[in-house]
Amino acid sequence: MSAPSGGGASRDGYGAALLEMVGDDRVVVLEADLGKSTKSCMFRAEKPSHTVSLGIAEQNMMLVAAGMSTSGYIPFASTFAIFSERGFEQVRNGIARPNIVVHLCGSHGGIHTGTDGSSAQSIEDLAIYRTLPNMTVMHPCDDISAKALTLALRHHERPSYMRTARNKVSRAYTEESAAQLRIGKGHIHRTGDDVAIIACGVLLNEALDAAESLSQQGIEATVVDMHTIKPLDTELIVDLAKRCGAIVTAEDHSIIGGLGGAVAECIVSEYPVPVERIGVQDRFGESGGSDELLEMLHMKANDISKAAQRAISRR
Amino acid sequence: MAERGMGLDIAELEMMAKRCRRNIVRMVYGIGAGHPGGSLSAIDMLTGLYGHRLRVDTNDSTWGNRDRFIMSKGHASPGVYSILHERGFLTESDLWTYRKLGGSCQGHVDMKWCPGVDFSAGSLGMGLSFGIGCALAATLDDSDRTAWVMLGDGELQEGQIWEGVMAAVHHEIGNLNVIVDRNGIQNDDFCESQMRMFDVAEKFAAFGWAVMEIDGHDMQQVVNAIDWADQVIDGPACIVMHTIKGKGVSYMENNPKFHGAAPNEEQFNLAMEELS
Ligand SMILES: Cc1ncc(C[n+]2csc(CCOP(=O)(O)OP(=O)(O)O)c2C)c(N)n1
Ligand SMILES: [Mg+2]
């Protein structure tokens with residue numbers, strides 16, 4: 001296993017990006033009593049004047065952010081991914097429908113969040129936010145890419161939802177490679193013609209490990225970090241389908257409706273090839289260590305390798 | 001037919017609360033995570049409820065006519081598990097499954113995993129509505145069973161709480177009682193800096209609830225308040241208990257850091273000394 005000590009958590013990247021925006025007086029940060037967890041506390045410490053505490057009241061936060069946005073501010077509002085869902089209808093009707101630029105960040109997403117248990121583990125956020133017209137939906141894998149993508153949001157003219165994760169994972173990016181990241185464009189980490197593994201978030205590392213072990217068996221995989229789930233990089237996906245003829249998706253999310261769902265939708269209508277989805281199999285999580293849970297739910301590198309072989313054999 | 005409470009006097013209840021405090025700190029220290037602060041502020045009331053009042057059947061945790069206890073601030077799960085152990089729903093070794101894979105003691109109280117838990121919580125603001133449903137069903141059933149809901153003071157910031165507060169009065173739900181753990185602290189900091197709550201008792205009273213304020217660490221007051229709430233039958237009753245978050249462990253008391261953090265080894269040993 002790659003040691004997480006040298007790694008970073010995507011939520012830290014979010015905090016670092018907010019901190020870098022303190023010089024822009026249009027940027028405002030909204031919190032719902034989870035600033036220490038989402039890392040918006042880093043901005044608060046530097047610029048309390050532009051940080052709004054709204055207490056444990058997520059629904060209220062959504063429309064406060066929308067109101068500030070229409071008055072010329074760029075709001076970054078955060079809570080846990082799961083508790084953002086408490087304000088889903090507020091986001092739908094009050095933000096996405098009028099296309100108001102509010103940047104929502106949901107931290108502690110996925111079962112990777114661990115011992116807090118199923119009530120805290122959002123495994124449906126990417127799916128539900130993706131259904132909203134006008135929304136951009138992202139899920140970066142590490143702190144460096146999360147920072148780059150958060151900074152890019154300052155100039156993004158649509159509402160967005162970004163999921164970040166609680167725990168550190170090995171970094172897949174350097175400052176230089178992260179500088180190439182563009183919202184809506186998948187990032188290729190490894191190239192091979194036998195199978196394409198399209199991953200996001202904390203499962204990108206597992207996908208890279210899977211590609212290594214597949215290579216030892218003579219199977220060469222392309223690995224893509226699909227940090228943006230919407231708008232989806234369909235051009236790249238169709239390209240991969242044509243080149244590899246078999247696709248595996250991997251995400252810390254339900255296999256229903258998230259990255260796997262989005263890729264499958266694209267593939268069935270554009271260029272049908274076998275698709276295998278790695279993710280949470282239509283069940284809730286439970287308390288446990290992150291790695292223990294990944295193992296129990298069949299979301300580790302070896303599960304991705306097996307899925308790759310299944311996809312290839314179905315070709 | 002199960003009895004009310006466990007037939008314990010005030011001194012025995014106080015002893016039980018102390019044993020619970022030790023187990024709360026042990027659970028959180030054992031896994032290196034969890035929520036000691038709001039468990040320690042709530043534990044005297046939990047002891048009063050289970051030791052003095054609630055009618056439950058440890059041989060049949062799903063007995064339909066049991067009183068319902070709804071821990072809406074589900075992160076205070078070590079408090080609930082420690083009292084469920086005292087009451088006989090959990091063995092001591094069950095407690096050490098706290099936050100572990102496959103354990104009955106999940107990170108947040110969960111009715112699917114733990115016998116004696118009536119509500120799966122963890123997302124704040126939901127328990128009062130659930131309690132109203134339980135109480136309305138009891139009335140339809142012509143049953144004398146009751147519903148008791150514990151809320152955090154930070155939790156009161158959720159809009160859904162006030163939807164429930166209105167509904168309980170509108171429907172004159174006399175078999176429903178709420179306890180607010182007024183410890184003055186939430187996740188990031190003191191309520192005073194996150195979202196000021198002002199006079200909580202006044203707020204409930206303004207909505208039409210019967211309200212009593214007590215010192216939530218005085219067992220005699222706790223027991224009296226429970227008996228008082230039981231007598232309020234023409235509408236919902238609210239006990240606002242003034243408490244100290246982290247009560248019983250010096251360095252945790254009134255310290256926002258121990259909302260959701262475990263003690264280190266040295267701190268753990270000190271806590272065990274203080275709670276001996
Ligand atoms: C809907 C929702 N938003 C946010 C959280 C995260 N959270 C967990 S505990 C907590 C603070 C709770 O404070 P309070 O209700 O006062 O509880 P206590 O002080 O008794 O521990 C927060 C914000 C949550 N569990 N649910
Ligand atoms: Mg509190």
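A: A metal's donors are N, O and S atoms within 2.8 Å of the metal (3.2 Å for Na, K and Ca); water is not among the atoms, so sites may look incomplete. This is a predicted model, where local features need pLDDT of at least 70 and side-chain atom pairs pLDDT 80 or more, while totals for chains, interfaces and linings use all residues. Residues count from 1 along each chain as written, chains are lettered from A and ligands numbered from 1 in written order, and side-chain values use heavy atoms, without hydrogens or water.

Q: Which protein donors does the magnesium ion (ligand 2) have?

A: They are B:Asp153 (OD), B:Asn183 (OD1) and B:Ile185 (O), at 2.1 to 2.2 Å from the ion. Their spacing in sequence reads D-x29-N-x1-I. B:Asp153 and B:Asn183, 30 residues apart, link distant parts of the chain. B:Asp153 is in the loop between strand S2 (147-152) and helix H6 (159-170) of chain B, and B:Asn183 in the loop between strand S3 (176-182) and helix H7 (191-194). Helices (H or I, at least four residues) and strands (E, at least two) are DSSP runs, numbered from the N terminus.

Q: Where does ligand 1 lie, and how many residues surround it?

A: A residue is near if one of its heavy atoms lies within 4 Å. Ligand 1 lies between chains A and B, with 23 residues around it, A:Glu58 and B:Lys73 among the closest.

Q: Which polar side-chain atom lies 2.7 Å from an oxygen of ligand 1?

A: A polar contact is a pair of N or O atoms within 3.5 Å. Here a polar side-chain atom of B:Asp153 is 2.7 Å from a ligand oxygen. A nitrogen of ligand 1 is also 2.7 Å from a side-chain N or O atom of A:Glu58, and a ligand nitrogen is 3.0 Å from a polar backbone atom of B:Leu124.

Conventions: Polar contact = N/O pair within 3.5 Å; in protein donor to acceptor, adjacent residues only side chain to side chain.
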